[in-house]
Amino acid sequence: MSLRCEPWARTDKREDKENLFSPEIRAEIDQWVAKYPDEWKQSAVMAALRIVQDDNGGYLTEELMDRVADYLDMPRIAVYEVATFYSMYELSEVGQHKICVCTNVSCMICGSENIVEHLEKRLGIKLGETTEDGKFTLKEVECLGACGGAPMFQIGKQYYENLTPELVDSILDSLEQDNGE
Amino acid sequence: MSDQQTITIEVDGKKLEATPGQMLIEVTDAAGITVPRFCYHKKLSVAANCRMCLVEVENAPKPLPACATPVADGMKAWTCSPLARQAQKGTMEFLLINHPLDCPICDQGGECELQDVAMGFGGGLSRFVEGKRAVKSEDIGPLIATDMTRCIHCTRCVRFGDEIAGVREMGATGRGEHMKIGVYVEHAVASELSGNIIDLCPVGALTSKPFRYQARAWELTTHDSIAAHDGVGSNIHVHVRNHQVMRVVPKDNEAVNETWLSDRDRFSYQALYSEDRLEKPLMRKNGGLAPVEWQEALLEAATVLKGADADRLGALASPSATLEELHLLRRLLAGLGSNNMDTRLGQGDFRSADPAVPWLGQKFAEVENNQAVLLIGSWLRKDQPLLNHRVRKAALAGGKVMAINPLDYDFNFTLDSKVVCAPSAMAQALAGVAAALGADTCGLPAEAVSQQKAMAANLKNAEQGLVLLGSVAQSHPDFCLLRRLAANIAEAAGVSLGFVGDGANSTGAAMLAARAETGLSVEGMLEQGLDACLLLNVEPEYDSAHPQAMNALLGKAKVVALVTHLSPWLEAQADIVLPIAAFLETAGSLVNIQGDIQSFNGTARPVGEARPAWKVLRVLGNLADIEGFDYESVTDVLDEVMKVLTDVHPDNQMPQADAPEARLADSDLQRIGGTPLYHTDMLVRRAQALQHTPDAWKACLLVNPELAQALGLEDGDSVVLRQDSGELTLPLGVDERVPGNCVWMPTGVPGSELLGKGFGAVSLEKA
Amino acid sequence: MANEVCLRTLHLDRPWLLSSYESEGGYEALRKILTEKISQETIIETVKTSGLRGRGGAGFPTGLKWSFINRSAPGEKYIVCNSDEGEPGTFKDRDILRYNPHALIEGMIIAGYAIGGTAGYNYIRGEFWEPYERFEAALQEARDAGLLGENILGSGFSFDIHAHLGGGAYVCGEETALLESIEGKKGQPRFKPPFPAMFGLYGRPTIINNTESLASIPDIIRQGGEWFRDLGVENSGGSKLFSISGNINNPGVFEIPMGTPFSELLEMAGGMKDGYKLKAVIPGGSSAPVIPGEQMMELTMDYDSIAKAGSMLGSGAVIIIDDRQCMVKLLDRISYFYYEESCGQCTPCREGTGWMHRVIHRIENGQGRPEDMDLLDDVTQRIMGRTICALGDAAAMPVAAFIKHYREEFQYHIDHKKCMVGGR
Ligand SMILES: Cc1cc2nc3c(=O)[nH]c(=O)nc-3n(C[C@H](O)[C@H](O)[C@H](O)COP(=O)(O)O)c2cc1C
Ligand code: SF4
Ligand code: FES
């Protein structure tokens, strides 16, 4: 058996899937499941993790990962593998706004260090940390494919390009004003 | 690849034959050409991730991994050309930069693939001057010690879980240099085959926990033997130091255990040195058992046996006892005028005659090709892990595996269909399948429902199939009926019928019995009673299908026990206890359930004054003045056995007698018995590490959630179980696998000796 | 002579809409194929003629790749589009998704038709949320218009496309890692052979192409292979998107004919910002070997010209390095990237990227040792060509090139424990 391309086997499939997630979340995950061949439900694992992460305030817990595994009939370890491999999944609590600053070559050439420095000063935290009020997390990320607008960062689903310290301030100001919901 | 054409390739100047589709490394391995490797393993899928096997191939611009390079006609490769060597050395250096240099304290030291290869391919001094990576190790249970800083990420252990064990518990989390092999959320791995990752791990990342720091590889001597805990008869290497067994590992035998070993066979050696191991003969004096010299004990034993009324003299032997032991025991008894001997302690029903020599009905390798398998009363996965592995292969190849079981046992493959019903309904379920095939339903009113029809159709449509009766079926009070129905089904569907039996030599015991005069069976002895009974490696309270009756029988008899361990029961009931060598300490032969007679020598010195059972039996024969009892060696005994067994072959043909009626009635609450995998024999019950695995019995009474609710009971409540005249208080466990109106209380486990048969009416109430 | 293929609709108001695309000849190629029942061979031949080479980085001829698939084999066959756009410096596929998603969709359908495919997946990097939504909206438009899904335009040909979102892993741009990722696993590349054309997504025959490659297909079919080929130069057919970034006045994506002089591209991009001088150029994404500025000014933007200079056109990501940049520091950052993004499965890459990065990092931090440069050279040799996928090469190549061209800067760091540039 040198070549294998089969879904991860799980023999103890969980039957009652209704209690794992809210109907809305199930519907959202199911939309993704529908994109793939029937026996390849696990193809939806990345989407499912993203959906439950968003719903959980931006990070995953063991319990949520286990539920995703049960929902998609995957071995749990296979879900942990996915969640720990991709950098967009967070495995510990993050702030309300995750600021993902690119520091890769193009952004570096265009001054991302100044942006990071400015952010660290203004928020009083270092890269990889969360502000005490839980509002902001600062994360260094790799090239986000927007080098034409370097330096840049991403907050939530939004890209912010051609950053200057002034622009950063106004972005953070407006986020600070918006009190969540 | 189906076309069996051969092609020719050239490796290191040698012409080699190959089949298209083979990987280069398979061809070089077969030709005895060494290519270093870490991730490749012949029984696992190719990962090609270690990059150790890089070789030079003609016209390839870069070195190619031999494990992932398919051969092509006329291909030329060099395994130790300068390019190949340079590539291999490069990989070695990378592997070593983050590998700790703790060989002196590593259990793998001396038998480490990394160490071996590094000798040949490593550089001298490390050019890597930064700190090495340190990885936190997880506790993955009592069997396997982890030292993940040593891991070289070959992923063999991960692939094993997915591809062989069928439960993916180990994984590689994180990425890049941070990738970590482990279970991520710490827990004990729960596979009956988990120990194999110790062998697979090329370095000291996964080692045997019980063996930890016990010995260094080069102090060990290796002996071959046969594992004695199930009907597979796995071939093993026993590692011994100072005449003590330090470790057991598998020995390759494609026809039997392939390269694998079950955890039970690997770790039960621990019991050899457990606290209640019997080191001196004991005799009852002033009410208690007192140590005595062999001479005294043997004389007394002979006196007891000779003095008993031959009709009321009997012997009960373990179904794992060797051919030689069983033969001598039978001869001893016959010399004393009795034919009352049996090994079928776990069998629940003797109302009709057994098949001549029950066996699997197929060779292990054939099992893989079954297109349909019906398991009846069998948790094959736990009972016979490596036979189950063959069935699993059949299932993965598209075979339909079905089960009719009194409990929703979990398997490491997906069952095509299953009936999970109360023990009393099993016969009915089988009758339905029989009816769907137009076979005799043994008088049971049988209308097949769609599921039974589907099972029947699967069997009928299979070119090759198997109906297999498991150990749970065997201990069932209606075993004879279930067996008849199963035979009718197998015959009507044109598939094989098989039995797995108990112990490591049930087929051998039956072969010997087939050539002997018949006396009383276990059941006969229970009914008639005995004045004197000789036990060979038996713990009656746990090995018997009916502990209460067995207690009553032996309570009244004089008991001479040849055993390895002292139990409270023996302390209370036995009159003479003779310490015998345990299975790795003695020589003998076992017949596995595919009919192979496998002989082995003793590998370690018996503990204390224990002596091999065959010698003890020989002396008893001499003391009882029985003719022809002067065997010089165990081979003499085997020679005689082989003469007796000329023309005896495994044979599942049953005498065409009427099937008995069902006697297990439906009741308000039924007990489900069966013996859990780590309680099957005297040794296993005392293997410490195994007793701490998730597969060990949890000491609770399991019922399903609805029943718990109906009885107003909750998980963890203390409850009293009553059966016949016995009762037992244990916590309640709630488990969906148990069918309604049933309670799962196994046999063979502590507490079970207080109860009756594994199956029958019971009552349950809050304590 | 710009914006003739992938960015053809860019000048329109809301160019991403179906109506905009159709107003410029969109879906004409597909209609023509389906109504005239143009054969699969003809389509593949046309793509071969066009000289289109894969725009994802490796530059493999697209038509040739398509011809590897056994079109008549029964069962599923897939078209997979690679919109992972992870190579640092690259940001062109994002613009295709945002501004011209229908060209990609039409290209994928045509590719599907040409190989007897049954479905398509577009793997979009997870951070590209806005482009993803654009793409999904465009898929819906196409489905509603009968251009996608069951029985396309009544022709009897059915083909649907789904978007799959990544999760943040550069290696998933590698085609087989991408397949694994769609299969719900970690993105770890598979060893080859077998190639995806034989054993791809879900074990089925699969063609994987870059977004730009596929988005170029409709115009190749509509206007002919020769037309496309003649836009470019020998061995480099067509026009191509270049993502150009750095301290220049007008960074961005430019679609220009292959063979355009680099100097012209730099000019289009507004030239160097005030006070900055051109020092070096990374011509094809951060894994492409760096080329000194003067040499680059002599080159044209096509596969052969850049290859002759010892580098590669790659994904067409042109990173402009100005004279204020310290090459050691840049390489430190680049090597960190590959170290961080190595998937971890194969030894030379898992261990080697970390080793290289640590050595470069210590040089950058004034702790370099005299033997470090030789060590680096040697380690790159031990990674290159030894790994399962090309990420190992991608990590090693820049190291080798930076040292080759800027050895004195590294030496200076080692000797003086500080930077040659700007006196840091
Ligand atoms: C590490 C690595 C990353 C890659 N990233 C991308 C990518 O982001 N986008 C892309 O189109 N191709 C990428 N590729 C190239 C792809 O493997 C593949 O060659 C390409 O998608 C094929 O499409 P094409 O022939 O149209 O270029 C990458 C390759 C490697 C080795
Ligand atoms: S623990 Fe051992 S078997 Fe598992 S990946 Fe590491 S080195 Fe390989
Ligand atoms: S044995 Fe071939 S790459 Fe590991």
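Let's start where chain A meets chain B: 18 residues of chain A are in contact with 22 residues of chain B. Keep in mind as you look around that this is a predicted model. Together the two chains bury about 1,700 Å² between them, and carbon and sulfur atoms account for 56% of that area.

What holds hands across this boundary in the way of charged side chains? The interface of chain A and chain B has one salt bridge. You can find it by looking for B:Arg168 and A:Glu81, whose side chains come together with N and O 2.8 Å apart. Beyond that, five residue pairs, both members at pLDDT 80 or more, are in polar contact across the interface of chain A and chain B.

Now turn to chain A's side of this meeting. Two helices, α3 (62–71) and α4 (76–85), each put in at least two residues. Of the elements there, α4(A) gives the most to the side that touches chain B, with six residues. Sorted by class, this side of chain A is made up of eleven nonpolar, four polar and three charged residues.

The area buried between chain C and chain A is about 4,200 Å², with 61% of it on carbon and sulfur atoms.

How many salt bridges turn up across the interface of chain C and chain A? There are five. One of them pairs C:Glu136 with A:Lys35, and their closest N and O atoms lie 2.9 Å apart. As for polar contacts, the count between chain C and chain A is 21 residue pairs, again with both residues at pLDDT 80 or more.

So which parts of chain C face chain A?

Note on methods:
Residues numbered from 1 in each chain as written. Chains lettered and ligands numbered in written order. Predicted model: local features only at pLDDT ≥ 70, side-chain atom pairs only at ≥ 80, totals over all residues. Heavy atoms only, no water. Buried area = accessible area lost by both parts, 1.4 Å probe. Salt bridge = Lys/Arg side-chain N within 4 Å of Asp/Glu carboxyl O. Polar contact = N/O pair within 3.5 Å; in protein donor to acceptor, adjacent residues only side chain to side chain. Contact = heavy atoms within 4.5 Å. Helix = DSSP H or I, 4+ residues; strand = E, 2+ residues; numbered from the N terminus. Nonpolar A, V, L, I, M, F, W, Y, C, P; charged D, E, K, R; others polar.
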